[in-house]
Amino acid sequence: MATHLKNLSEYSQINVADVSHRRFGIVVAEWNSEVTEILLKGALETLQKYGAQSENIVIKRVPGSFELPLASQKLAQIPTIDAVIAIGCLIQGETRHFNFIAQAVAEGIMQVGLKCNKPVVFGVLTTNNLEQALERAGGKYGNKGEEAAITAIKMINI
Ligand code: RBF
């Protein structure tokens, strides 16, 4: 997890394998798209940096983060896809909705990975406000989309 002024983006990109022959699925939530599209861009650029071909990256958009587990499962069930990255941004509101969705999404994504026996990466921001989200989408805490892509690549090779 990111600590103050230090984040995974800074130190995790050592010994990351070439993925030119791998296929990836990315599911992106449309809620808070000003954040999720930046996370997606970071994930895509990172996968391509390590050799992934654009024709080997399947991108699907879903309405909100709550829909990420099912869409991730549909992609994870495709035999030729090696890993899935789920991207979303949950911002705390005035009601308890945030907590229910965040809990369900985290649990759901983990279950999909276990069920499909392949990496399904949790690239979902859960923040108090938009400012905190943007700090983690290309701001001072890096781009968590890049970190999600690195995680997917590393987990393929476990
Ligand atoms: N989806 C997100 O990805 N991020 C949010 O911050 C978010 N906030 C929501 C707040 C409320 C009150 C509701 C009703 C939905 C919210 N959603 C959010 C959408 C949710 O993930 C899902 O798409 C819908 O609940 C439909 O299943």
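The legends below accompany an overall view and several close-up views of a predicted model of a single chain.

View 1. The C-alpha trace spans about 45 × 35 × 25 Å along its principal axes.

View 2. Of the 158 residues in the chain, 49% are buried. The accessible surface amounts to about 8,400 Å², and carbon and sulfur atoms account for 55% of that surface. When contacts are counted between residues at least 6 apart in sequence, 79% of them join residues that are at least 24 apart.

View 3. Rolling a probe the size of a water molecule over the atoms shows where empty space is left. The second largest pocket has a volume of about 250 Å³, and 15 residues line this pocket, with W31, L90, I91, H97 and I101 lying nearest its centre. Two elements, strand β3 (83-91) and helix α4 (97-116), each give two or more residues to the lining. By residue type, the lining divides into seven nonpolar, six polar and two charged residues.

**View 4. Two asparagines with positive phi angles.** N32 has a positive phi of about 55°, although this residue is not a glycine, and N32 lies in the loop that runs between strand β1 (24-29) and helix α2 (33-49). N117 is likewise not a glycine and has a positive phi of about 60°; its place is the loop between helix α4 and strand β4 (120-127). Is N117 buried or exposed? N117 has a relative accessibility of 69%, and because exposed means over 50%, this residue counts as exposed.

**View 5. K144 and G145 in helix α6.** K144 is found in helix α6, which covers residues 144-156, and G145 has its place in helix α6 too. The relative accessibility of K144 is 15%, so this lysine counts as buried, the limit being under 20%. G145 has a relative accessibility of 2% and therefore also counts as buried. Although K144 and T36 are 108 residues apart along the chain, their C-alpha atoms are separated by 10.0 Å. For G145 and K41, which are 104 residues apart along the chain, the separation between the C-alpha atoms is 7.3 Å.

View 6. A17 is placed in the loop between helix α1 (8-11) and strand β1. Its relative accessible area is 28%, so A17 is partly exposed, a class that lies between the limits of 20% and 50%. The C-alpha atoms of A17 and G51 are separated by 9.0 Å, while the two residues are 34 residues apart along the chain. Once its neighbours within four places in sequence are left aside, A17 is in contact with Y50, I153 and N157.

Terms used: Residues are numbered from 1 along each chain as its sequence is written. This is a predicted model: local features need pLDDT of at least 70, side-chain atom pairs count only at pLDDT 80 or more; totals for chains, interfaces and linings use all residues. Side-chain values use heavy atoms; hydrogens and water are left out. On a 1 Å grid over the protein atoms alone, a cavity is a set of points where a 1.4 Å probe fits but cannot get out, and a pocket is an open set with protein on both sides within 12 Å along at least five of seven lines; lining residues have an atom within 4 Å of a point. Grid points are joined across faces, edges and corners, and a volume is the space filled by probe spheres set on the points. Helices (H or I, at least four residues) and strands (E, at least two) are DSSP runs, numbered from the N terminus. Ala, Val, Leu, Ile, Met, Phe, Trp, Tyr, Cys and Pro count as nonpolar, Asp, Glu, Lys and Arg as charged, and the others, Gly among them, as polar. Buried means under 20% relative accessible area, exposed over 50%, partly exposed in between (1.4 Å probe, protein chains only). Contact means heavy atoms within 4.5 Å. Accessible areas come from the Shrake-Rupley method with a 1.4 Å probe; for residues, only the protein chains shown count as cover.
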